[in-house]
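Q: I would like to learn how to read packing features in a model like this one. Can we go through them one at a time?

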Amino acid sequence: MTSHLIDQDIQKARAHPSVRAIVIPPCPESLVRLQEIIAAPELDSAAMEQLASSDVAMAAALIRTANSPLYALAQPVQTVGVALTVLGLQPSVELLSAFITRNALHVRTPLLEHFWESSQRKAIACEHIGRQLYSFDPGLGYSFGLFCHVGMPVLVKAVRGYAGTVTEALARKDRTFTQTENASHRTDHAVMGAIVARTWHLPPEVAQAIWLHHDFACLNDERFDATVRHLVALGLLAEFLVNHHENLSPTREWQQHGQACMEHLHVTQDELDHWIDELYAAFEGVMQ
């Protein structure tokens, strides 16, 4: 599917009365600035350090991560500049993106108590799996994992009764999560997540995969770009890995579609088991 078609789908969705009333948070200025810094022909490390230092909590998160057991440093890091060097460019960008997104879409509700920790772990797992795939940009995996469920905090904040719908959707066996959402609200978190992704200037492939992440029939649908289908498949594997780490039972979707997703990506059970161990330290390092 060409990139502009997802934008047409989003335009159509946004015109629907049930969606039109929902306020989509604008892309935070700090995320726009981060996107500008990494899009420049040469990295401006001073600009990166200035951005990372612009918020005390964000700077503290960077330093805390650099000082985590994951990096096992002999001497503790005390400045943002050194933390950026220790982490490296891509991990720094990902950590900053996660922090900015989390704070821009923060909703206080027991329903989403561990939402951002799980989302960040999913992003880490998506990127890790993406690295194993030939000619695949693992950065797309991270963005997809992080934003996969952002439609949920947007809907919790904007739509009366949505929290109850989530509880119902998790319990129902007769229909999918998004079918329950649509029955109650005429939209769902996958559509809303895709809208947020495009509003926040994420690549169209990421937005398309977010839109489709509960629709596993797309794996064999060649109207969709291979990257989109890979993202949908690795998203379910990543969710399995995160749930395993968090001592949660495998989801109904994993039981129904996990094997198909593994086959789509040519991943074996042995590899999946290996990733459980490989990702342990990274998952544990996610900021609470």
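A: Let us begin with one residue. R198 is partly exposed, with a relative accessible area of 25%. Partly exposed lies between buried (under 20% relative accessible area) and exposed (over 50%), using a 1.4 Å probe and protein chains only. R198 belongs to helix α13. Helices are DSSP runs of H or I with at least four residues, and strands are runs of E with at least two, numbered from the N terminus.

Q: What kind of model is this, and how are residues numbered?
A: This is a predicted model, in which local features need pLDDT of at least 70 and side-chain atom pairs count only at pLDDT 80 or more, while totals for chains, interfaces and linings use all residues. Residues are numbered from 1 along each chain as its sequence is written, and side-chain values use heavy atoms, with hydrogens and water left out.

Q: Which residues does R198 touch, not counting residues up to four places away in sequence?
A: Contact means heavy atoms within 4.5 Å. By that rule, R198 touches D7, I10, P203, P204 and A207. Compare a separation in space: R198 and L236 are 38 residues apart in sequence, and their C-alpha atoms are 22 Å apart.

Q: How do I read the packing of α13 and α14?
A: Two packed helices are described by the angle between their axes and the distance between the axes. Axes are lines fitted to C-alpha atoms, for helices over the stretch in contact, and angles run from 0 to 180 degrees between N-to-C directions. Here α13 and α14 pack at about 170°, with axes 7 Å apart. That makes α13 roughly antiparallel to α14. The cut-offs are under 35 degrees for roughly parallel, over 145 for roughly antiparallel and 65 to 115 for roughly perpendicular, with the rest oblique.

Q: Which residues of α13 and α14 meet?
A: From α13 come A190, V191, G193, A194, A197 and R198; from α14 come P204, A207, I210 and W211. These contact residues divide into eight nonpolar, one polar and one charged. Ala, Val, Leu, Ile, Met, Phe, Trp, Tyr, Cys and Pro count as nonpolar; Asp, Glu, Lys and Arg as charged; the others, Gly among them, as polar.

Q: Where does H201 lie?
A: H201 sits in the loop between α13 (189-199) and α14 (204-212). Check its backbone: phi is near 65°, a positive value in a residue other than glycine. A72 also deserves a look. Its phi is positive, about 45°, although A72 is not a glycine. A72 lies in the loop between α5 (56-66) and α6 (80-87). A72 is exposed, with a relative accessible area of 63%.

Q: At what angle do α7 and α9 cross?
A: The axes of α7 (residues 89-104) and α9 (residues 138-147) cross at roughly 20° and come within 11 Å. That makes α7 roughly parallel to α9. Q90, E94, L95, S97, A98 and T101 of α7 make the contact with G139, Y142, L146 and F147 of α9. Five of the contact residues are nonpolar, four polar and one charged.

Q: Is α9 mostly covered or mostly open?
A: Mostly covered: nine of the ten residues of α9 are buried. What covers them includes α7, α8, α13, α14 and α15.

Q: How many residues of α10 are buried?
A: Six of the eight residues of α10 (residues 151-158) are buried, so α10 is largely enclosed by the rest of the structure. They are G151, M152, P153, V154, L155 and V156. They pack against α8 (115-131), α11 (162-171), α12 (177-185) and α13.

Q: How many residues does the largest nonpolar core have?
A: In soluble globular proteins, nonpolar side chains tend to be buried together. A nonpolar core is a set of buried Ala, Val, Leu, Ile, Met, Phe, Trp, Tyr and Cys residues joined through side-chain atoms within 4.5 Å. The largest here has 98 residues, and those with the most contacts inside it are L62, L237 and L241. Helix α15 (residues 226-245) gives the most to this core, with eleven residues.

Q: Which residues is L241 in contact with, leaving aside its neighbours within four places in sequence?
A: L241 is in contact with A125, I129, L272, W275, I276, L279 and F283.
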